[in-house]
Amino acid sequence: MKLALVGIGKIALDQHVPAIAASPDWELAATVSRSGTVEGVEAFTRIEDMLEARPDIELVSLCLPPVPRFAAAQAALRAGRHLMLEKPPGATLSEVHALADLAQAQGVSLFATWHSRMAHAVAGAKAWLAGKTIREGRITWREDVRKWHPGQDWIFEPGGMGVFDPGINALSILTEILPDPVHLTGAELDFPANRQAPIAARLAFTQNISADFDFRQEGPQTWDMEFFTDAGKLALRMGGNVIEIDGQPAGGEDSIMGEYPALYARMAELVRGGVSDVDLSPMVQVSDAFTLGRRNIVEDFEF
Ligand code: NAP
């Protein structure tokens, strides 16, 4: 099946292009980007032009930042194409609900992806936690925004989500693996004085679960989750790719390279099955943090 990739920036080039090249299901048939291209692939600068010129393209995969994404998503669905959304699936919850309704009305598949849920150890962690009682959970998600989002000013604009852009990956794992659903009970958000989105956040959830997100971590990066249960301790490290039980290695693989191939395989399954996959529970937690969060002003941030 043919697909078009829209928004040729960091994640499109780092992950989508190699995952599609290795996929038995998908062929990269076109790109849409104002300046980005992929060698050897027909390039458009406007999605409307691509949709008109290439009726043979069945899937549109959007790698734009969340704020400019809705108009492109709507155009693709209105043109009867299946649609795959990078995380977070939109700038607001209501716009993603609107897309889900539109996909259903058009009879096409919509996939709101969460790449971290495809990390090597997530399914194993979910299986291990099933039936256990969580006594405490600690999430530490600290990374260097200059390394992972070089010069991406959009991330600190309204709708860019700031530190929740990576933090929502942790929340996508949390909402997938817990035996019982959680909800947020408190939050503290640190906004640089010259920016519109937080650079750090501390969150509290039901089930005695807490999260510490920070975009200012230099040196080694930390993407860890620890759960203390009535039957031992589980740790997920490397963004959900490695698992430890009671301090001992228990599987997984220290590589993020399995995540996007798994997303494209799942997209193919959705299209073949004629269904959609739109779970907004990670984004609900972020929205609740903005609703309930206490706001601190911290020092200016420049890339
Ligand atoms: P990026 O490098 O800034 O790329 C996004 C591309 O979208 C840009 O290169 C730009 O290409 C296009 N674009 C169209 N309208 C834009 C606008 N108003 N502002 C900025 N760019 C615009 O961003 P990215 O890191 O690839 O992130 C894109 C999405 O992927 C985000 O939702 C992010 O959460 C997700 N993601 C990123 C990473 C990561 O490590 N960076 C990892 C996983 C997921 P043209 O100028 O050519 O149009």
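Mentor: We'll take the labels one by one, keeping in mind that this is a predicted model.

Trainee: Let's start with helix 5. Which of its residues are buried?

Mentor: Helix 5 runs over residues 122–129, and Val122, Ala125, Trp128 and Leu129 are its buried ones.

Trainee: What makes you say they sit on the same side of helix 5?

Mentor: The arc around the axis: they cover only 125 degrees, which puts them on the same side of helix 5. The general rule is that an α-helix has 3.6 residues a turn, so residues three or four places apart point the same way.

Trainee: And what does the face turned away from the buried side carry?

Mentor: Ala123 and Ala127, which are exposed. The cover over the buried residues includes strand 7 (134–142), helix 7 (164–177), strand 11 (222–229), strand 12 (232–237) and strand 13 (242–245). After helix 5 comes Gly131, with a positive phi near 85 degrees.

Trainee: What about Ala231: buried, exposed or partly exposed?

Mentor: Its relative accessibility is 43%. Buried needs under 20% and exposed needs over 50%, so Ala231 counts as partly exposed. Ala231 lies in the loop between strand 11 and strand 12.

Trainee: How do you know which residues Ala231 is in contact with?

Mentor: The test is heavy atoms within 4.5 Å. Leaving aside neighbours within four places in sequence, Trp128 and Lys132 pass it for Ala231.

Trainee: Next, His115. Why is His115 called buried?

Mentor: Its relative accessibility is 14%, and the limit is under 20%, so His115 counts as buried. You'll find His115 in the loop between strand 6 (110–112) and helix 5.

Trainee: What makes the pairing of the His115 and Glu259 side chains a polar contact?

Mentor: The two side chains come to 2.7 Å, and the cut-off for N or O atoms is 3.5 Å, with one able to donate a hydrogen and the other to accept it. So the pair qualifies as a polar contact. Leaving aside neighbours within four places, the contacts of His115 also include Glu86, Lys87, Asn169, Tyr260 and Leu263.

Trainee: Which residues other than glycine have a positive phi?

Mentor: Met161 is one of them, with phi near 80 degrees, and Gln207 is another, with phi near 65 degrees. Met161 is in the loop between helix 6 (145–148) and helix 7, while Gln207 is in the loop between strand 9 (200–205) and strand 10 (209–214).

Trainee: Buried or exposed, then?

Mentor: Met161 has a relative accessible area of 6%, so Met161 is buried. Gln207 has 24%, so Gln207 is partly exposed.

Trainee: How about the ligand: which residues come nearest?

Mentor: Of the 25 residues around the ligand, Lys10, Ile11, Ser33, Ser35 and Asp165 do. As for cover, the ligand alone exposes 870 Å², and the protein buries 81% of that.

Trainee: Last one: where is Ser255?

Mentor: In the loop between strand 14 (248–252) and helix 8 (259–273). A polar atom of the Ser255 side chain lies 3.0 Å from the backbone nitrogen of Met257. Leaving aside neighbours within four places in sequence, Ser255 is in contact with His120 and Asn241.

How values were computed: Residues are numbered from 1 along each chain as its sequence is written. This is a predicted model: local features need pLDDT of at least 70, side-chain atom pairs count only at pLDDT 80 or more; totals for chains, interfaces and linings use all residues. Side-chain values use heavy atoms; hydrogens and water are left out. Buried means under 20% relative accessible area, exposed over 50%, partly exposed in between (1.4 Å probe, protein chains only). Helices (H or I, at least four residues) and strands (E, at least two) are DSSP runs, numbered from the N terminus. The arc is that of the directions from the helix axis to the C-beta atoms. A residue is near a molecule or strand if one of its heavy atoms lies within 4 Å of it. Accessible areas come from the Shrake-Rupley method with a 1.4 Å probe; for residues, only the protein chains shown count as cover.
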